[in-house]
Amino acid sequence: MTMTDLKQTIRQKAEHYFDYMVQVRRHLHKNPEVSFKEYDTTEYILHELKKMGIDTETPLETGCIGVIDGGKPGTAIALRADIDALAMDEEGEAKKKFMSERPGAAHCCGHDAHTANLLGTAKILKELEPEIPGKVVLVFQPAEEKLPGGGRMVRESGVLQKHGVEEIYGLHMNPAYAPGQIAVKPGPFMACTVEFEIEVIGKGGHAATPHLTVDPIVLSSQIITQFQSIISRSLDPTEPAIITVGKIEAGSAFNVISAKAEMIGTVRAFSMETARFIKSRMEAILKSVTEGAGGSYKFEFNEGYPAVVNNEQCNQKLEQAAIRVLGEENVINLKKPLMAGEDFSFYQEEFPGAFFFLGSGSDEADSKWSWHHPRYNIDERAFLTGSALMAGLVLDR
Ligand SMILES: [Zn+2]
Ligand SMILES: [Zn+2]
């Protein structure tokens, strides 16, 4: 098949399976399951893959993989979708025909769409199996939203290694771009994430006798202010990083100095090395401020997902396939990475890979709401682009 024929064939097949992807997405949207509890979702995906005649494996309790092997020598490529929903309730008129029927669970990060898109891709690739140069491993991964991260568990299960995976690709719906568009970027793409917990321990007492107490609220104020100077004064200014205290809790009455204050928050950076440097500076501030005043502290720093860093060659292959299948005008080159995190990074620690955004925002579909918003929605026309590009990535070799 020539490149022009291939492009046409892929795009026709994506159109042919559009209704199928919409139907899958809406079914999953109605029946969301939170991280590590994706039992019905997994059964549904397995059933779909088996109907297509695709071999399946279940290396973990939830989630599954499918393998398409045309028998021709070539590269083994993994395509990844995440399948879990968020523990929240949803809202929104535009979705009312397929709103979540399970209270406390909702697909407000678009993982229902990622799953539907990959099942559509599977249909396209299965039909073109004799054309596939190598092997395709379809990864339907559980628990992207929850530590330790399903991505890490899939990698550690050894299933990708067993199939000799050489490259891995994944996508995320993104409301900032229109359906039809994709956004790519080599190198740093999304940040690493850390969660921290702090206890500032003082000495409680009467508000009228502060000299007999150690006020943890005053200490916490100093600590939070000094934390921000880590970013502005201790870090290379060309290195993006964030310290956010997301919650602070202390005190009980207007005339009581409390005995302790608690804070939780997150650190974002583009390498764990930077995050660990920030940790050491935070610890130094905690120590000097609390001990200087006669108090003490407890500090927990829980490393989450590493940074998503796109392999240069894989990103180039992705961009090339996108230009061929979608047209250059639909490929956006991101100038800056995002400070949000993604557990796709766990695969990238071992396999060269690239992650990209698939445009899903439009006024017609009321789908410009941000990730994790109760009204979050996608414009389903994104499937035409997403499935064609995923298939193109495999066939454009
Ligand atoms: Zn999410
Ligand atoms: Zn997500």
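# Exercises on a two-domain predicted model

The protein chain is assigned two domains: domain 1 (3–190 + 307–395) and domain 2 (192–303). These bounds come from an automatic or database domain assignment. The model is predicted: local features need pLDDT of at least 70, side-chain atom pairs count only at pLDDT 80 or more, and totals for chains, interfaces and linings use all residues. Residues are numbered from 1 along each chain as its sequence is written, chains are lettered from A and ligands numbered from 1 in the order in which they are written, and side-chain values use heavy atoms, with hydrogens and water left out.

## Exercise 1. The domain contact

Solution. 

Step 1. Take the centres over C-alpha atoms: they are 39 Å apart. The contact (heavy atoms within 4.5 Å) draws on ten residues of domain 1 and nine residues of domain 2.

Step 2. Look at the area. About 690 Å² is buried between the two domains, and carbon and sulfur atoms give 75% of this. Buried area here is the accessible area (1.4 Å probe) that two parts lose on being put together, summed over both. On the domain 1 side, Leu 147, Ala 307 and Met 339 supply 70% of the area buried against domain 2, more than any other three residues.

Step 3. Check the polar links. A salt bridge needs a side-chain nitrogen of Lys or Arg within 4 Å of a carboxyl oxygen of Asp or Glu. One residue pair is in polar contact, both at pLDDT 80 or more. A polar contact is a pair of N or O atoms within 3.5 Å; within protein, one must be able to donate a hydrogen and the other to accept it, and residues adjacent in sequence count only if both atoms are side-chain atoms.

Step 4. Sort the domain 1 residues that touch domain 2: nine are nonpolar, one is polar and none is charged. Ala, Val, Leu, Ile, Met, Phe, Trp, Tyr, Cys and Pro count as nonpolar, Asp, Glu, Lys and Arg as charged, and the others, Gly among them, as polar.

## Exercise 2. Ser 387

Task: is Ser 387 buried or exposed, and which residues is it in contact with?

Solution. 

Step 1. Ser 387 lies in helix 11 (residues 382–395). Helices (H or I, at least four residues) and strands (E, at least two) are DSSP runs, numbered from the N terminus.

Step 2. Read its accessibility. Ser 387 is buried, at 0% relative accessibility. Buried means under 20% relative accessible area, exposed over 50%, partly exposed in between (1.4 Å probe, protein chains only).

Step 3. List the contacts. Neighbours within four places in sequence aside, Ser 387 is in contact with Ala 14, Met 21, Asn 117, Gly 120, Thr 121 and Ile 124. Its side chain also reaches the backbone oxygen of Phe 383 at 2.7 Å.

## Exercise 3. Salt bridges

Task: how many salt bridges does the structure hold, and where does Glu 380 pair with Arg 26?

Solution. 

Step 1. Start with the total: 31 salt bridges. Side chains of opposite charge can pair when their charged atoms come close.

Step 2. Take Glu 380 and Arg 26. Their closest N and O atoms are 2.8 Å apart. Glu 380 sits in the loop between strand 16 (353–359) and helix 11, Arg 26 in helix 2 (residues 18–30), and 354 residues separate them. Glu 380 is buried at 11% relative accessibility. Arg 26 is partly exposed at 28%.

Step 3. Take Arg 324 and Asp 396. Here the closest N and O atoms are 2.5 Å apart. Arg 324 lies in helix 9 (residues 312–326) and Asp 396 in the segment after helix 11, so this pair ties together parts 72 residues apart in sequence. Arg 324 is partly exposed at 36%, while Asp 396 is buried at 11%.

## Exercise 4. Backbone exceptions

Task: which residues does a cis peptide bond join, and what is phi of Asp 366 and of His 372?

Solution. 

Step 1. Recall the background. Most residues other than glycine have a negative phi, and most peptide bonds are trans.

Step 2. Find the cis bond. It joins Leu 147 and Pro 148, with omega about 5°. Pro 148 is in the loop between strand 4 (134–141) and helix 5 (150–157).

Step 3. Read phi. Asp 366 has a positive value near 50°. His 372 has a positive value near 75°.

Step 4. Asp 366 lies in the loop between strand 16 and helix 11, and His 372 is found in the loop between strand 16 and helix 11. Asp 366 is partly exposed at 25%, and His 372 is partly exposed at 39%.
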